[in-house]
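Please read the points in order, with the structure in view.

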Amino acid sequence: MARKITALFVMCIVLVAATFYVHETAASDAPTPEFVSCFNNCKDECLTTLTGQTYKCEIKCDDECSKKEAEHKIKTIFG
């Protein structure tokens, strides 16, 4: 019986720790100002060429700017 209680206690500690980790990670995943400006510029340019197709523009610009942001983060981390 003591082993079950100990196991339950350990699982609760792991659950609480995981919750805090996910919360911190979600807070750091906010879009950077560079991404926002890239997205807005791309979307404006795209809307002038593809009139009325905002969904296609959002997908295209999100992909392009997400790639640029990921490349920037990798260069920042690994030099």
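**Notes on the predicted model**

1. At 34% relative accessibility, D62 counts as partly exposed; the scale used here calls a residue buried under 20% relative accessible area, exposed over 50%, and partly exposed in between, with a 1.4 Å probe and protein chains only. D62 is found in helix 3. Apart from neighbours within four places in sequence, D62 is in contact (heavy atoms within 4.5 Å) with F35 and F39. D62 and N40 are separated by 22 residues in sequence, and their C-alpha atoms are 9.8 Å apart in space.

2. The model is predicted, so local features need pLDDT of at least 70 and side-chain atom pairs count only at pLDDT 80 or more, while totals for chains, interfaces and linings use all residues. Residues are numbered from 1 along each chain as its sequence is written, and side-chain values use heavy atoms, with hydrogens and water left out.

3. As to the overall architecture, the protein has three helices and zero strands, giving the pattern α-α-α along the sequence. These elements are DSSP runs numbered from the N terminus: helices are H or I of at least four residues, and strands are E of at least two. Of the 79 residues, 11% count as buried. The protein exposes about 6,800 Å², of which carbon and sulfur atoms supply 67%; accessible areas come from the Shrake-Rupley method with a 1.4 Å probe, and for residues only the protein chains shown count as cover.

4. F35 counts as buried because its relative accessibility is 14%, and F39 counts as buried at 17%.

5. How many salt bridges are there? The count comes to two, a salt bridge being a side-chain nitrogen of Lys or Arg within 4 Å of a carboxyl oxygen of Asp or Glu. In one, K43 is joined to E58, with the closest N and O atoms 3.2 Å apart. K43 lies in helix 2 and E58 in helix 3, so this pair ties together parts that are 15 residues apart in sequence. In the other, E64 is joined to K60 at 3.3 Å between the closest N and O atoms; both lie in helix 3, four residues apart.

6. E69 is buried yet has no salt bridge, and the nearest side chain of opposite charge, K73, is 4.2 Å away. For charge, Lys and Arg count as positive and Asp and Glu as negative, with His and the chain ends not counted. Leaving aside neighbours within four places in sequence, E69 is in contact with P31, T32 and F35.

7. Finally, V10 is found in helix 1 (residues 2-28) and is partly exposed at 44% relative accessibility. Together with F9, I13 and V14, V10 forms a nonpolar patch on the surface, with about 380 Å² of accessible area.

Notes:
Patches are made of residues with over 30% relative accessible area and no salt bridge: like charges are joined within 9 Å, nonpolar side chains (Val, Leu, Ile, Met, Phe, Trp, Tyr) within 5 Å.
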